[in-house]
Amino acid sequence: MKLKVYADRMSQPCRAVIIFCKVNGIDYEEIKVHISKGQHLTPEFAEINPMKQLPAIADGRFKLFESHAILIYLACAFPGVADHWYPADVFKRSKIHSVLDWHHSNLRHGAAPYVFNTTIAPILGRPLNPQVAAEAEIILSSSLSKLESFWLKGNGRFLLGGNQPSIADLSLVCELMQLEVLDEKDRTRLLGPHKKVQQWIENTRNATSPHFDEVHRVIMLAKERQQHQRLKAAKNEGGSNMKRPLVSRM
């Protein structure tokens, strides 16, 4: 039976799984589960993933959730996946695990709530939370510094000094691509100081081309919508200021 991937491409871990399948020629069926519509919370989806989160896969009768676990499974279970994605060498493999564990307790812990509470929340009918965003920004900035100074140290083009991407590169870069929906000044403020991180994102994009851009198209469209809404809001605010009556100082 064909592998089934349950995903919403607005979700960064979902994109990592889909890109991995495409790059490695894994035959799969993408089953769209729209988070904005609450489809991941239905009893039907709970049969696939009782935690009601995305992504999830079904490979025959075998079901699995959590993106890192899925990527590891795909790299091991499907023939033809290049060794650099999840090396057979136990030392290299353990290093990849260390990055993936760090990701969920650091980078994701900063990036996801920051983007949500500065941009995405209203789309899902939730209020923005400036306090949570401020706390998340501290974690995000610290994580970007750690990426720049530690995980990307050396002359390699990818994490841990590698010259080819691993599942860790794909997972973390997809996380950072969520920053595309931010106001451009905000995104530049966060990423601007980290030149190695910016080059690494580009290296990962090039290594997974053309699938990287195709899968991230949904994020680029969301970015365009956000930019349009910001411009519209700015024009409305400007128009309101123009209409205010002048107060005489005489």
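This briefing sets out the overall organisation, helix packing and selected local features of a predicted model.

Local features in this predicted model need pLDDT of at least 70, side-chain atom pairs count only at pLDDT 80 or more, and totals for chains, interfaces and linings use all residues. Residues are numbered from 1 along each chain as its sequence is written, and side-chain values use heavy atoms, with hydrogens and water left out. The secondary structure of the protein comes to 11 helices and 4 strands; helices (H or I, at least four residues) and strands (E, at least two) are DSSP runs, numbered from the N terminus. The domain assignment gives domain 1 (3–81) and domain 2 (84–230), with bounds that come from an automatic or database domain assignment.

**Overall organisation**

- The C-alpha trace of the protein spans about 85 × 45 × 30 Å along its principal axes.
- Of the 250 residues in the protein, 42% are buried; buried means under 20% relative accessible area, exposed over 50%, and partly exposed in between (1.4 Å probe, protein chains only).
- Among contacts with a separation of 6 or more, 67% are between residues 24 or more positions apart; a contact means heavy atoms within 4.5 Å.
- The centres of domain 1 and domain 2, taken over C-alpha atoms, are separated by 19 Å.
- Across the two domains, 20 residues of domain 1 are in contact with 25 residues of domain 2.

- Two packed helices are described by the angle between their axes and the distance between the axes.
- Axes are lines fitted to C-alpha atoms, for helices over the stretch in contact, and angles run from 0 to 180 degrees between N-to-C directions.
- Helix 1 (residues 12–23) packs with helix 7 at an angle of about 135 degrees, and their axes are 8 Å apart.
- Helix 1 and helix 7 are therefore oblique to each other, given that angles under 35 degrees count as roughly parallel, over 145 as roughly antiparallel, 65 to 115 as roughly perpendicular and the rest as oblique.
- Helix 1 passes helix 7 in a right-handed crossing; a crossing is left-handed if the near helix is turned anticlockwise from the far one by less than a right angle, and right-handed if clockwise.
- On the helix 1 side the contact is made by Q12, R15, A16, I19 and F20, and on the helix 7 side by I167, L170, S171, C174, E175 and M177.
- The residues of this contact of helix 1 with helix 7 divide into 7 nonpolar, 2 polar and 2 charged; Ala, Val, Leu, Ile, Met, Phe, Trp, Tyr, Cys and Pro count as nonpolar, Asp, Glu, Lys and Arg as charged, and the others, Gly among them, as polar.

**Packing of helix 5 against helix 7**

- The axes of helix 5 (residues 107–120) and helix 7 (residues 167–177) come within 9 Å and cross at roughly 25 degrees.
- That angle makes helix 5 roughly parallel to helix 7.
- The crossing of helix 5 past helix 7 is left-handed.
- L107, R108, A111 and A112 of helix 5 meet L172, E175 and L176 of helix 7.
- The residues of this contact of helix 5 with helix 7 divide into 5 nonpolar, no polar and 2 charged.

- S171 has its place in helix 7 and is buried, with a relative accessible area of 5%.
- Not counting residues up to four places away in sequence, S171 touches A16, H68, L71, L100 and H103.

**Cis peptide bonds**

- L54 and P55 are joined by a cis peptide bond, with omega about 0 degrees; P55 is in the loop between helix 2 (43–46) and strand 3 (56–59).
- S209 and P210 are likewise joined by a cis peptide bond, with omega about 0 degrees; P210 is in the loop between helix 9 (195–207) and helix 10 (211–215).

**Positive phi in residues other than glycine**

- K52, a residue other than glycine, has a positive phi near 60 degrees.
- K52 is in the loop between helix 2 and strand 3 and is partly exposed, with a relative accessible area of 32%.
- L160, a residue other than glycine, has a positive phi near 65 degrees.
- L160 is in the loop between helix 6 (130–151) and helix 7 and counts as partly exposed at 37% relative accessibility.

**A69 and P165**

- A69 lies in helix 3 (residues 67–77) and is partly exposed, with a relative accessible area of 30%.
- A69 and P165 are 96 residues apart along the chain, and 17 Å separate their C-alpha atoms.
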